[in-house]
Amino acid sequence: RLEHPSIVPIYDAGVDGSGELYYTMRLIPGRPLAEALAEADAHAARLGLLRHFLAAAQAVAYAHGHGIVHRDLKPANIMVGADGRVRLLDFGVAKLLSASSADQTRDTPYTLAYAAPEQLTHGPITTATDVYALGVVLFELLTGRRPWEMESAPIATSIERILNDSAPLASRSIAPGAGIGAQQLAGDLDAIVAKALRKPAQDRYPTVGALQADLRRY
């Protein structure tokens, strides 16, 4: 259903002879956005990644327009091709907005560091779920770290933080060596990231397009 230059097409899916689920998609020479984030060590380089973010967000908005929520947006699923084009990968856990409420709560696939609160509480999955994940990606792109570092924390503690703690301001969370100063993020960028990361889904940007519009105005 999705035919967009920034979405990697899936060619086939099924179950193999040993009972394993699989799907095949186009091979894209390049590297994930996660690698570009790790190498961004200067102000210009980090803000330059915003164009990659906007391209990925455009693909997400297209998917939403076709009634599909990705549910697992993260830098590892955003590919920067050798041609410079950004492509969105891995719709393996995507869901149809038209699915029943039972489908919404029976399975909860997610990557914890990018999961919205409603994914952790078995709440309704909507386009706002992807807006939240994009907010985490944007926070990481700007600061060099995620809102909550979870590598050394127990899973229960990490879930508690996501559900109950307000996300810190990006300008106060810059990783050492990120190459960007608090003054570059304070104000508009802090406000944009904070709105995308609000706990109640209805308080976030109403659409990915609205998030894009604020970033373009910035």
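A salt bridge here is a side-chain nitrogen of Lys or Arg within 4 Å of a carboxyl oxygen of Asp or Glu. Lys74 and Asp72 form such a pair, with their closest N and O atoms 3.6 Å apart. The model you are looking at is predicted, so local features need pLDDT of at least 70 and side-chain atom pairs count only at pLDDT 80 or more, while totals for chains, interfaces and linings use all residues. Residues are numbered from 1 along each chain as its sequence is written, and side-chain values use heavy atoms, with hydrogens and water left out.

Let us stay with the charged pairs for a moment. Side chains of opposite charge can pair when their charged atoms come close. By the rule above, the count comes to five salt bridges.

Another salt bridge joins the side chains of Arg204 and Glu118, at 2.9 Å from N to O. Arg204 lies in the loop between helix H9 (188–196) and helix H10 (208–217), and Glu118 lies in helix H5 (residues 117–120), so this pair ties together parts that are 86 residues apart in sequence. Helices (H or I, at least four residues) and strands (E, at least two) are DSSP runs, numbered from the N terminus. Arg204 is buried, with a relative accessibility of 2%, and Glu118 is buried at 8%. Arg146 also forms a salt bridge, with Glu140, and the closest N and O atoms of that pair are 3.9 Å apart. Arg146 counts as buried at 16%, as does Glu140 at 13%.

Now turn to the start of the chain. Arg1 lies in the segment before strand S1 (10–15) and is exposed, with a relative accessible area of 67%. The C-alpha atoms of Arg1 and Gly67 are separated by 9.8 Å, although these residues are 66 apart along the chain.

Arg1 also leads us to the largest pocket, where Arg1, Leu2, Ile10, Ile68 and Phe91 lie nearest the centre among 12 lining residues. A pocket is found on a 1 Å grid over the protein atoms alone, as an open set of points where a 1.4 Å probe fits, with protein on both sides within 12 Å along at least five of seven lines; lining residues have an atom within 4 Å of a point. The volume of this pocket is about 240 Å³, meaning the space filled by probe spheres set on the points.

Met25 lies in strand S2 (residues 21–25) and is partly exposed, at 37%.

Finally, look at the backbone. Most residues other than glycine have a negative phi. Arg71, by contrast, has a positive phi near 75 degrees. Arg71 lies in the loop between strand S4 (68–69) and strand S5 (78–81) and is buried, at 12%. The phi of His122 is positive as well, near 60 degrees. His122 sits in the loop between H5 and helix H6 (127–143) and is partly exposed, at 42%.

Note on methods: Buried < 20%, exposed > 50% of the residue type's maximum accessible area, 1.4 Å probe, protein only.
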